[in-house]
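Open the model in your viewer and keep the sequence panel beside it. The tour below moves from one selection to the next and says what is found at each stop.

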Amino acid sequence: MEKTCRIIKEQIAELVTGSLPAEKAAELQRHMNQCPACSKYLHALQIDDKLLGDFADAMQPIVTRIEDSVISRLNDVQPSTSAGASGLLRAIVRQRVWKFAAAAAIIIGLVLVMYRDNSSMDITTPAFGKMIEAIEKMPWLHIVSHDNAKNYQRESWFSYSSKILVTRYGNGKVQYLDYPNSKKYIYQPDTNAVTISYTPNIDRVIYDFPRSIVDNSKKRWKADGTDVKYEVKHERGQYQGIDVDFYYSTSYSTYQGMQYLLSRSKLIVDRHKQVLILSESKYWGPNGELRTDSKAIFDYPEDGPKDIYEVGVPKSAKILDYSPTPELLEVMKAYRSHRDNAPARYIVIVVYVNEQTASETYAIDGLETFYFDGINRRRLEVLRFDPVSQQKFSAQCGDSFNSLLKWQREQEKSEFRIWMDEIIMYDGQYRYTQRRSKSTGYWSHFKKVYVPSDGYRLPMGDLIFWRDTLSELGWPNSLLHSGHDRTSIVENDYSKNNNLVCVEVLYDELSRDNKVTLPAKKRLYYLNPQRDYICERQEIHPQPGLAQNPEDWIDKVGAMWAFSGRFSVGEVVEYGRSDLHQWFPKKILMRFRWENPDQTTEERKKTITVYLNTDPEFPDGIFDPNNLP
Amino acid sequence: MNGDLEKELVAACRRGDTSAYAGLVKVYSGRIFAICMGMLGNSHDAEDIAQQALLKGLASIKQLRSDTQFGAWLIRIAKNLCIDFIRKRKPRQNAIDEPFEARRRSTEGYSKLRAALAELPQDYRLTLVLFYFDGRSTKSIAETLGMSTGAVQARLSRARKNLRKLLEAQGDK
């Protein structure tokens with residue numbers, strides 16, 4: 001086929017759709033008058049067009065049937081503000097609901113016990129459904145819990161309907177999350193200050209909703225082959241003058257062939273209101289050491305705390321108001337929307353080159369390939385090539401999408417040793433991991449784990465683990481989900497000179513027992529509104545004296561962290577455009593600088609190059625776990 | 001239907017007047033069916049899921065935050081139901097495995113087209129089906145899928161080319 005014909009054929013499809021400008025259409029028509037092959041192709045597409053139109057018309061009776069059926073059932077449906085009937089439990093679990101980790105975690109522990117009690121409150125029984133429903137319908141849930149083994153205590157209030165979660169920790173810290181207004185209030189007793197800042201008003205995955213947790217754990221245990229034996233006893237009785245059900249559970253685990261006592265739990269359920277009122281549990285390690293000794297008391301007040309002062313924050317506390325501005329909310333909305341709309345069907349190959357090891361012959365250090373068809377994901381991660389063979393690999397790889405993909409596919413089949421590599425697959429339900437042994441070079445380790453997702457989204461931990469490469473490189477998730485303490489839009493020379501929106505995120509230090517475990521830091525995200533809000537530049541600075549901390553923060557930093565606060569910059573130096581006309585970062589330059597304990601400074605540079613194909617032909621069986629090496 | 005009328009109907013539904021929902025069903029049933037057809041690849045499943053989506057829209061209408069967002073919200077419900085359905089569908093079950101009755105009907109002219117559509121990648125199929133089932137407007141598809149019209153046009157062209165290849169592979173119509 002001549003080159004002209006190939007180009008023309010590319011445009012003929014647009015001609016049929018009618019999306020081609022008249023001038024271009026006329027030019028095409030002139031060509032086709034002289035070219036029988038192209039003319040024949042146009043004719044075939046026109047027939048397809050008619051066929052599709054007729055097919056759509058032929059489907060109309062189905063649409064009418066749907067209308068009739070739905071309209072005839074309208075009287076059976078009662079709009080409801082919350083999921084009411086037991087049939088809707090499934091809907092609750094399937095939909096995104098709000099994540100209230102603290103409370104849910106406690107409930108989950110209890111529910112697992114119930115689940116194990118086959119004779120009574122199994123998750124499939126109406127009793128379980130009623131309990132969850134009853135708890136959800138309560139205006140507020142209040143939990144007081146402590147763990148003697150971990151010397152930890154916490155009090156929480158949460159409301160499913162108003163989407164507010166309040167937690168007071170044993171050390172006096174208070175966190176008040178007001179999701180509908182995207183506001184987070186943090187009170188730190190040591191600084192006697194309240195910071196008001198932005199929290200993303202986003203739907204969270206239902207991963208820790210009690211029912212799904214139970215369901216998932218069941219499947220996970222099965223997939224992992226976890227060997228835990230449970231004994232559950234159910235009794236009826238009275239507790240503080242009310243009729244209750246008692247559930248006692250004992251579990252045993254196996255370690256190095258020996259069975260040992262793993263846990264003992266007790267939970268109490270109000271038999272009439274069908275809600276949990278108390279739980280106690282103890283967990284032991286293989287050597288008999290007590291790891292958890294917790295107790296939680298539940299009650300269901302009509303009202304919850306209206307502000308932080310109602311949970312003990314003194315009125316004298318200093319207020320540091322970094323409330324989200326309308327501009328910030330708008331930017332975050334656009335950022336998230338573009339992130340969500342990133343291509344969801346592609347093969348991407350990411351090549352890493354470290355400046356120190358790169359030579360004139362283009363030595364690459366690492367390579368990562370990611371296949372994504374909208375549901376299935378597969379990633380081959382090669383963290384680092386064997387330094388001895390680096391030049392050889394680089395020469396074999398080439399520097400085009402096709403040569404890199406070909407090389408990577410060959411490597412998967414070979415037994416050749418690479419420094420470290422791993423294939424991870426995910427099919428919407430199970431995550432499969434296959435790892436190559438470092439010592440032998442053979443693919444050996446295989447693991448299958450049940451990890452439910454909500455459509456395209458994975459639970460948080462697994463999202464990080466998975467790192468949907470393209471989204472992460474263009475729109476880092478950390479801007480949306482990390483536990484930042486202050487987010488605002490700032491203007492500086494760089495943002496002004498480059499027409500970028502700069503979002504500044506400040507993180508307070510994390511400390512335990514008066515020692516800083518993670519120093520405070522500042523991140524700057526420079527977003528490019530002209531390029532689908534891609535994060536064009538990201539800077540991470542170790543930063544003293546942030547949102548609330550005194551300026552002598554460095555004195556409190558533990559030795560191991562004192563020298564690791566590194567400064568890093570990642571910058572998109574070249575953009576690419578996908579077949580779908582969406583922007584993506586083609587080349588990213590990363591720079592890291594840190595201080596050593598002897599106060600010398602080191603700097604490293606790394607280049608990340610992205611090879612993207614958004615119209616891929618996936619190799620046969622690429623998403624089939626049975627086809628792993 | 002103009003925006004104001006739609007807004008009024010949504011408001012009426014939220015007040016409990018379920019009969020007002022009939023008007024919304026008339027407007028959206030075609031598009032919802034097209035989305036389900038595009039995502040699931042066969043009309044039998046698409047019919048079931050479209051019905052579910054429309055009924056669920058009414059059952060949950062009080063959770064809708066803004067009266068003007070009804071269309072986008074209903075589309076999201078339909079897409080989520082489709083995704084759930086796909087996940088539950090047995091592995092390797094081919095999208096064209098329709099019940100016997102549907103298969104028999106489909107032999108009346110469109111069997112190869114159905115098979116080719118079922119083979120098409122989901123995002124291509126969705127765009128193509130929306131184009132033909134919902135008024136041949138790239139602008140409307142762009143709004144429905146939250147993409148730019150340029151991206152929709154590019155995807156449509158690719159979908160056509162892929163469909164052509166698939167039909168050719170089957171020995172054409």
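**A tour of two chains**

Begin by selecting chain B, where, among contacts between residues at least 6 apart in sequence, 68% join residues at least 24 apart; two residues are in contact if their C-beta atoms, placed from the backbone, lie within 7 Å. What you have open is a predicted model, in which local features need pLDDT of at least 70 and side-chain atom pairs count only at pLDDT 80 or more, while totals for chains, interfaces and linings use all residues. Residues are numbered from 1 along each chain as its sequence is written, and chains are lettered from A and ligands numbered from 1 in the order in which they are written.

Colour chain B by secondary structure, and you will find 9 helices and 0 strands, where helices (H or I, at least four residues) and strands (E, at least two) are DSSP runs numbered from the N terminus. Of the 173 residues in chain B, 47% are buried, a residue being buried if 20 or more other C-beta atoms, placed from the backbone, lie within 10 Å of its own.

Next, show both chains and select the contact between them, to which chain B brings 53 residues and chain A 43 residues. On the side of chain B that touches chain A, at least two residues come from each of α1 (3-14), α2 (21-40), α3 (43-59), α4 (70-88), α7 (122-133) and α9 (149-169). The helix that gives the most to this side is α9(B), with 13 residues.

Now select chain A, whose secondary structure comes to 17 helices and 27 strands, and in which 31% of the 629 residues count as buried. Zoom in on strand β13 (residues 346-354) of chain A, which pairs in the antiparallel sense with strand β14 (residues 366-372) of chain A over 7 bridges; two strands pair if DSSP finds at least two bridges between them. Here A:I349 stands opposite A:T369 in β14(A). β13(A) also pairs in the antiparallel sense with strand β27 (residues 601-613) of chain A, over 8 bridges, and there A:Y352 stands opposite A:I608 in β27(A).

Finally, colour chain A by pLDDT, the predictor's confidence in each residue, from 0 to 100. The mean for chain A is 73, and 67% of its residues reach 70 or more. Select residues 81-126 of chain A, where the pLDDT is below 50, although this stretch has 93 contacts in the model beyond near neighbours in sequence.

Definitions and conventions:
A residue is buried if 20 or more other C-beta atoms lie within 10 Å of its own, exposed if 12 or fewer, and partly exposed in between; C-beta atoms are placed from the backbone.
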